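Below are some notes for a colleague who is opening this entry for the first time. Please read them with the model in view.

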Amino acid sequence: MLHDAFHFSSLVWDWPIAIYLFLLGISAGATTLSVLLRRKGAGSESGIIKATAILAPLSVVLGLLILIFHLARPWTFWKLMFHYQFDSVMSMGVMLFQVYMAVLFAWLAVVFRTEIETLRRHLLQEKFAFVDNLIAWLARIERLLAPLLLLLAVLLGAYTGFLLSALKTYPLLNNPVLPVLFLISGVSSGIASTILLAVTLFKENHHSQGVSFVHRFERPVLAVEVLLLVCFFTGLYFGGGQKEAAMWAAIGSGFWAQVFWLGVVGIGMLLPQLLALLAPAPLRAKNGYLVLVCSLTLVGILLLRYFVLYAGQMTVV
């Protein structure tokens, strides 16, 4: 049964693509939240923004490395970096990554301006002093950088869904709700991953401005995600024909139906909410509780990527 779930004749994209989509969602979600947090006055002292400084670029780099080595000819990937094809979703994605990463590093340089200047002087003395002037200039246009980065992060989160929805021969994947669903679940993964890193690596208090701000988004984002899932499957059901067949094949029975109901819905959505309702207040005040809830959420979102990718390729037009 397990072999059949991961190996079937209509399968084109396999598990590395699911991880790739998951990592891009984390980057987009974390960046979106940190830009909004920055508008509240948070700076480089915030554990959430520190977590984003690690997660946002690293997730994209790891995702691209996975994608490159998954290609039949990975050594030709450099051509995508310079030869754009405006009718190719993959090529447009590479262009988006390049602009997103450039603006992300510029914004992070402004946020961590003092730390970068101190480190440069400590290691290089007066060498590369122009870097300070460059960051100072970027700081003057932060009001432009921040909304641009927010827009690029939203586009990156939606792109993960557009990439799959472009597969027109698969009725479950060729769904207009998919880009929005992946964008919102990416924000959810950004919430979980930034809190997880902030409280473990940077010892951020769970009552801090950053964690409290990000945590407030958790339930509204989950509610929107559930609504989008309902719309996603309702559209397939009323689409009839192969669309309805694809829906029942995905959530009706079999291995991927179990992954959806037990993993995505049970572990990723219901269990964290049950813990929030049933856990006593002293337990909820501990960082270990946040680590557990965030880990469950991330597992659920990763399983959602796997479910959509594999279940979506089981039914062909």
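What radius of gyration would a compact globule of 317 residues have, and what does the chain have?

1. Overall size. This is a predicted model. A compact globule with 317 residues would have a radius of gyration near 20 Å, and the chain has 21 Å, which agrees. Along the principal axes, the C-alpha atoms fill a box of roughly 65 × 55 × 30 Å.

2. Secondary structure. The chain holds 15 helices and zero strands. Several of the helices come up again in the points below.

3. Of the 317 residues, 50% count as buried. The chain exposes about 15400 Å², and carbon and sulfur atoms supply 70% of that area. Among contacts in the chain with a separation of 6 or more, 77% are between residues 24 or more positions apart.

4. The nonpolar core. The largest nonpolar core has 91 residues. The members that touch the most other members are Tyr20, Tyr100, Leu164, Ile195, Phe233 and Phe307. For tyrosine 20, leaving aside neighbours within four places in sequence, the contacts are Gly63, Leu64, Leu67, Phe97, Tyr159 and Leu163.

5. Helix α9. This helix covers residues 178–200. At 1.5 Å a residue, its 23 residues should span 33 Å; the end C-alpha atoms are 32 Å apart, which agrees. The helix is mostly covered, with 20 of its 23 residues buried.

6. Helix α6 and its end. Just after α6, glutamine 125 takes a positive phi of about 55°.

7. Salt bridges. How many salt bridges does the chain have? The count comes to three. They are taken in turn in the next three points.

8. Arginine 38 and glutamate 142. The side chains of these residues meet in a salt bridge, with 2.8 Å from N to O. The pair links distant parts of the chain: arginine 38 is in helix α2 (residues 15–39) and glutamate 142 in helix α8 (residues 142–165), 104 residues apart. Arginine 38 has a relative accessible area of 23%, so it is partly exposed. Glutamate 142 counts as buried because its relative accessibility is 17%, and the cut-off for buried is under 20%.

9. Arginine 121 and glutamate 117. This salt bridge also has an N to O distance of 2.8 Å. Both residues lie in helix α6, four residues apart, about one turn of the helix. An α-helix has 3.6 residues a turn, so residues three or four places apart point the same way. Arginine 121, at 48% relative accessibility, counts as partly exposed. Glutamate 117, at 24%, also counts as partly exposed.

10. Arginine 120 and aspartate 132. Here the side chains meet in a salt bridge at 2.7 Å, N to O. Arginine 120 lies in helix α6 and aspartate 132 in helix α7 (residues 130–140), so the pair ties together parts that are twelve residues apart in sequence. Arginine 120 is buried, and aspartate 132 is buried as well.

11. Lysine 203. Which residue has a positive phi of about 55° although it is not a glycine? Lysine 203 is such a residue. Its place is in the loop between α9 and α10 (209–215). At 65% relative accessibility, lysine 203 counts as exposed, since the cut-off for exposed is over 50%.

12. Serine 46. Is serine 46 buried or exposed? Serine 46 is buried, with a relative accessible area of 5%. The residue is found in the loop between α2 and α3 (47–70). Leaving aside neighbours within four places in sequence, serine 46 is in contact with Leu37, Glu204 and Gly210.

13. Leucine 144. This residue lies in helix α8. Leucine 144 has a relative accessible area of 61% and is exposed. The C-alpha atoms of leucine 144 and phenylalanine 22 are separated by 28 Å, and the two residues are 122 residues apart along the chain.

Note on methods
Residues numbered from 1 in each chain as written. Predicted model: local features only at pLDDT ≥ 70, side-chain atom pairs only at ≥ 80, totals over all residues. Heavy atoms only, no water. Helix = DSSP H or I, 4+ residues; strand = E, 2+ residues; numbered from the N terminus. Salt bridge = Lys/Arg side-chain N within 4 Å of Asp/Glu carboxyl O. Buried < 20%, exposed > 50% of the residue type's maximum accessible area, 1.4 Å probe, protein only. Rg over C-alpha atoms; globule rule 2.2 N^0.38 Å. Contact = heavy atoms within 4.5 Å. Areas by Shrake-Rupley, 256 points an atom, 1.4 Å probe, with all protein chains shown as cover. Core = buried A, V, L, I, M, F, W, Y, C linked by side-chain atoms within 4.5 Å. Expected span 1.5 Å × (residues − 1).
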